[in-house]
Amino acid sequence: MNGWFNRQRALLDFAVSSLGRRKGKTLGLLAVYGLIVFVLASAMLFSHALRHEAKQVLAGTPEVLVQRLIAGRHDLIPDTHLAAIRTIRGVKSAQGRLWGYLFDPAAAANYTLMVPPADAPAVGQAVIGAGVAAVRDAAIGDVMSFRAHDGTLVSFTIQAIIAPESALVSADLFLVAEADYRRLFGIPDGRFTDIVVTVRNPREVRTVAEKIDTALPDTRIILRDEIKRTYESVFDWREGMVVLLLSGAVLAFFIFAWEKASGLSAEEKREIGILKAVGWETADVIGLKSLEGLVVSLTAFLLGYLLAWVHVFQFGAPLFEPVLKGWSVLYPDFRLTPHVDELQVATLFFFTVFPYTLANVVPIWRAATVDPDQVMR
Amino acid sequence: MLFQPAIIALVLASALAALMLVASLPFAVAVLRRWDLSSGAESQVRLEKRTYLVATLVKIVLVAEAAALVLFVFNADRMAGLFTGAMCAVGTLKVDPFGFPALYLKLAVFFLAAFWLVLNHVDNRGWDYPLIRVKYAALIALAPVLLAAGLVQLAYFLGLRADVITSCCSTLFSGNGITVTSNSVAALPHVWALSLLAGTLAAVLASGAVYLRWGRGGVIHAVLSLVVLGVGLAAIISTISVYVYEMPHHHCPFCILKREYHHLGYALYLPLFLGTALGVGTGIAAAASRLVSLRAVGPVIARRLALASMLCFAVFGGVCLGLIWRSHLILFEGAPWQ
Amino acid sequence: MIRLSQVKKVFNQGRHNEFWALRGVDLHLDMGGVTVFRGPSGSGKTTLLTMVGCLARPSSGRISLGERDISALPERFLTDIRRSTFGFVFQSFNLLKGITALENVMIPAYPLGGDHGALKRRALALLERLEMADKAQSQAEWLSGGEAQRVAIARALINDPRVVIADEPTANLDSERSAQFLDIVAGLKRDGKTVLMTSHDPLVADAPVVDRVIGLRDGLIDGAG
């Protein structure tokens, strides 16, 4: 056992010194390898952080959401439905929500207009998200005006700006009073966008949903779990898409690594020949070269991953923002919560180290099996 | 099919592993037909050189399959969120009839590759490569298992559909989810499970000690190692996991791998699997010691493997005891032997 | 004792450039003493040494080292025997560039897994004996021909082999350095090492330290003296 350790240590020392002797080649390889890890890791860290953020948001959403459908399209839901739901056993509370999107021609952006269930602003006042404040360059006390459904002007005095903590959800928020909301869109009293329901016993969510479905056949019921699953699979899909797009790069890297490994310089070939002549066995040379590969792999992986971490969590992933975040123009600046996932690291390892190792096997073997008497010929 | 990085990685890894092995098959056939060590001809020297490549490839396959096994289970657990009713990996694997077979085949590949590497290691120490034909015949036999593992895994992933919201209808139509029924293994009484485990562990340690002392019974040690694997898995499912979860009716072999349980499962599975691989290796090396060129070195290797496997099994037993010790759950208050 | 019977070696067998380097050599080498293989280039003397030194296998014929038949051993085991029995000094010395003389001496011992500190002390002692201690930390490519050869000799001795094989050891040395080399050979002989050399340099073949000269021509033994 001791001999084994001594041998590995000696080989490792020699491997590191060999890499050092070929600085140019080693650094070039590290740069390309690190870049691949960096790009892939950035994409994965970023989408994972978004998923994490979304989960955080969903944790605060209601368990059951009831929408009304007319001719297969979403429609306003009357408060008679609200009353009907409240009578169903197992329902803890039901509340109508008012929300929608408001296009602001001045900023060419869509805001999410909402009437908060509690602590709504007074009539004529608004609370806005950090993103809205940024695009309109608005500060507390400023006045913002919009044209209502009938062409009249509705003005809001900005009462507060939401702190950008969970910026992903709050950036484009525009919170107003119920009266202002109804005036803006011409929605009569007694109608809501949708209804949120909370259930007393979480195990009964499904049963309650079924009861609502029976009582109100013109509705569509969405469960939080379902939204979670949908989000999850959408994020998975996006991440998978990006990884697939980048697989071209991985393939290119594979070929690059193969080429690098098989294109041994005359000096390297001479070295291997000498090693074999002075008493190294093929397996020793393969071991040495594998250790070299391992050192390069781990260094590049660590380097690439660290850089990706900084890129995503310190600088907000400028390279991937447009692809992964979605359609809104209002997500200019927010910090993702740093989060590292074991599964992801393992997957990334598979995508980079495994192909690199494979690309190296045959060239290494070919170099290692030169005849030991070659240097004498 | 679900489109996510871990799945792509797993499919890719299986495909590459299969490719590597299949690419070695013509060589394996050539060895079976033309190997002649007494010849110094260049063609024979070329064959000998090739053996290094194949051995290296199988090593990579083994490492990749071991990693893929972890990734597979890890990912199955993670995907539980995508399926109605799935709480952990068990649910995800039951979504599709190919789930569990895929896992079993992956396990089989891992063990077979490990056995092959032991065989290879032993053979490489005999100056006339006495097992070379056995070795390459075994490699040819390993190939279909590896291929099957890859294909079944692919079928499993292709069959997966996440239960997501569709725009046409209500959630309630997305099925009622999977019912995770407890199987017969989980129903194994705790007393039985623990006594069996203690008994087989004692037997495997004893057989290892016998081999170390008298150099006999290596094959028995190998067989007992396999028995311990089976009994160990059954005990984990029926009893040990219950101690970890501290919930009398939660029998899950996968949840113990999760972060919530401090990845404790690895401390159980790693020594158990490693111990089994090394234990069976002991049998291989001991059996091979009858060959002339391995008479001296065979027992040395077998001894080392036996010692290592005993160490692994001891660690496994220790971890089991530790988990029971520190658990707040008491299954045997006023147990029959008290 | 090394015994060769009917040893043949062919390169590129079955191709148009097929070449028989050895055509059936019978030879008996006792341990101890200095033996020189002499002959023109292409006579097969280097090929013969690679075969004796376990660097390569014969295409046919038998080689035995002591009681053991080594002609059919695969490379893995040949290497095992080679690194414990033979040390090589190559014609062009073949030191690794970019590392120190000391490291060059230590390289053959790396795969054996001995203690690193002890190995280093052994290497330094060898360099000292060859009067190279002050050059231990020099990069290999800065050494002169004679110095490089002495480092190569130290490297050949690091695993304490019974047999030292030198291929055309004086081909790259002037007369004075050649004489110094022969002094070293005399020292090795006193230590009980067997020394096998190829050379077509009369200075070597006629040196008093040499016990036996074996002539080779066209892949066959030409005459022994």
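## A guided reading of chains A, B and C

Strand β1 (residues 2–11) of chain C pairs with β2(C) in the antiparallel sense over eight bridges, where helices (H or I, at least four residues) and strands (E, at least two) are DSSP runs numbered from the N terminus, and two strands pair if DSSP finds at least two bridges between them. This is a predicted model, in which local features need pLDDT of at least 70 and side-chain atom pairs count only at pLDDT 80 or more, while totals for chains, interfaces and linings use all residues. Residues are numbered from 1 along each chain as its sequence is written, and chains are lettered from A and ligands numbered from 1 in the order in which they are written.

Seen as a whole, chain C has seven helices and 10 strands. Its radius of gyration (taken over C-alpha atoms, with the globule rule being 2.2 Å times the number of residues to the power 0.38) is 17 Å, close to the 17 Å that the rule gives for 225 residues, so chain C is as compact as a globular protein of that length. The C-alpha trace of chain C spans about 50 × 40 × 35 Å along its principal axes. Of the 225 residues in chain C, 51% are buried, a residue being buried if 20 or more other C-beta atoms, placed from the backbone, lie within 10 Å of its own, exposed if 12 or fewer, and partly exposed in between. Two residues are in contact if their C-beta atoms, placed from the backbone, lie within 7 Å, and among the contacts in chain C between residues at least 6 apart in sequence, 70% join residues at least 24 apart.

Turning to chain A, the secondary structure comes to 12 helices and 13 strands. Chain A has a radius of gyration of 30 Å, whereas a compact globule of 377 residues would have one near 21 Å, and the C-alpha trace of chain A spans about 100 × 50 × 40 Å along its principal axes. The domain assignment (bounds come from an automatic or database assignment) gives chain A a domain 1 made of 14–58 + 230–376 and a domain 2 made of 62–223, and the centres of these two domains, taken over C-alpha atoms, are separated by 46 Å. Buried residues make up 38% of the 377 residues in chain A, and among contacts in this chain between residues at least 6 apart in sequence, 81% join residues at least 24 apart.

Chain B is likewise given as domains, with domain 1 covering 5–173 and domain 2 covering 190–326, and here 23 Å separate the domain centres, again taken over C-alpha atoms. Between them, 18 residues of domain 1 of chain B are in contact with 17 residues of domain 2 of chain B. On the domain 1 side, the elements that give two or more residues are α2 (42–78), α3 (89–94) and α4 (99–124) of chain B, with α4(B) giving the most, seven residues. That side divides into 13 nonpolar, two polar and three charged residues, where Ala, Val, Leu, Ile, Met, Phe, Trp, Tyr, Cys and Pro count as nonpolar, Asp, Glu, Lys and Arg as charged, and the others, Gly among them, as polar.

The contact of chain A with chain B takes 37 residues from chain A and 29 residues from chain B. On the chain A side, α7 (205–215), β13 (219–223), α8 (224–262), α10 (282–314) and α12 (342–368) each give two or more residues, and α8(A) gives the most, with 14 residues. The residues of this side divide into 21 nonpolar, seven polar and nine charged. Chain B also meets chain C, nine residues of chain B being in contact with 12 residues of chain C.
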